[in-house]
Amino acid sequence: TDNPEVLAKAIRQVRPGGGTKMLDGIYLACQEKLKSETGRKLIILISDGDDNLSLETVNSTLEMAQRADVAIFTISTNSSGFFGLTAPKSDKLLKRLADETGGRAFFPFKAEDLSQSFQDIAAELRSQYSVAYRSSNVNRDGTFRAIKIEPQRKNLKVKSRKGYYAPRG
């Protein structure tokens with residue numbers, strides 16, 4: 001929804017436990033809500049990254065997000081970093097979702113750090129630039145095309161998605 005009151009009410013009604021369809025949720029949000037939108041599109045996902053009921057795969061979800069031109073910013077609710085443990089598989093999934101869509105993954109150590117994650121996301125969104133180019137490959141075959149952007153000045157940091165899907169037809 002784009003209605004903050006409906007969203008706030010739904011969040012207050014969430015209770016822990018049960019199964020998770022995280023990938024299905026991302027896929028449907030991209031397909032049904034964001035794909036037809038114009039302008040900058042992003043999802044902020046606050047999750048432990050555990051998914052035990054989705055029908056969609058990681059690859060199909062990433063493809064839908066990339067086709068819809070959606071950046072995914074993830075905020076992990078896992079506490080493994082706080083205890084010095086290695087990143088669990090679910091944190092690696094959150095990082096992959098962010099990295100491959102041009103978003104960013106956040107791993108706050110405690111709940112109080114959550115607001116800093118949102119401030120960091122806001123700052124990053126305010127400091128982004130859009131770059132466009134016309135591909136020399138004129139084939140309209142719907143295939144994935146990898147891209148890599150390297151700045152001439154070494155002190156600049158580039159954050160971008162890994163590629164795009166060519167149009168069909």
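Author: Let's start with a crossing: helix 2 and helix 4 cross in a right-handed way. Bear in mind that this is a predicted model, so local features need pLDDT of at least 70, side-chain atom pairs count only at pLDDT 80 or more, and totals for chains, interfaces and linings use all residues. Residues are numbered from 1 along each chain as its sequence is written, and side-chain values use heavy atoms, with hydrogens and water left out.

Reader: What makes helix 2 roughly parallel to helix 4?

Author: They pack at about 15°, with axes 13 Å apart. The label roughly parallel covers angles under 35 degrees (over 145 is roughly antiparallel, 65 to 115 roughly perpendicular, the rest oblique), so helix 2 and helix 4 count as roughly parallel. Helix 2 (residues 22-34) and helix 3 are at about 25°, axes 9 Å apart, and therefore they are roughly parallel to each other too.

Reader: Which residues of helix 2 and helix 4 meet?

Author: Met22, Leu23 and Ile26 in helix 2 meet Leu93, Leu94 and Leu97 in helix 4; contact here is heavy atoms within 4.5 Å.

Reader: How do you know whether Gln66 is buried or exposed?

Author: Gln66, in helix 3, has a relative accessible area of 7%. Buried means under 20%, exposed over 50%, partly exposed in between (1.4 Å probe, protein chains only), so Gln66 is buried. Beyond its neighbours within four places in sequence, Gln66 is in contact with Glu100, Phe144, Arg161 and Tyr165.

Reader: Now the rings. Why is the pair of Tyr133 and Tyr164 called edge-to-face?

Author: A search of the whole structure finds 2 aromatic pairs. For Tyr133 and Tyr164, the centres are 6.4 Å apart and the planes 80°. Rings of Phe, Tyr and Trp (its six-membered ring) pair if their centres lie within 6.5 Å, and planes over 60 degrees apart are edge-to-face (under 30 is stacked, the rest tilted), so this pair is edge-to-face. Tyr133 lies in the loop between helix 5 (114-126) and strand 4 (144-146) and Tyr164 in strand 5 (residues 163-165), so the pair ties together parts 31 residues apart in sequence.

Reader: Are those two tyrosines buried or exposed?

Author: Tyr133 is exposed at 53%, while Tyr164 is buried at 16%. Phe144 and Tyr165 form an edge-to-face pair as well, at 5.0 Å and 65°. That pair joins Phe144 in strand 4 to Tyr165 in strand 5, 21 residues apart. Phe144 is partly exposed at 36%.

Reader: What makes Arg67 count as lying over the face of Tyr165?

Author: Arg67 is 4.0 Å from the ring centre. The rule asks for NZ of Lys or CZ of Arg within 6 Å of the ring centre and within 35 degrees of the ring normal, and Arg67 is listed as over the face of Tyr165.

Notes
Helices (H or I, at least four residues) and strands (E, at least two) are DSSP runs, numbered from the N terminus. Axes are lines fitted to C-alpha atoms, for helices over the stretch in contact, and angles run from 0 to 180 degrees between N-to-C directions. A crossing is left-handed if the near helix is turned anticlockwise from the far one by less than a right angle, and right-handed if clockwise.
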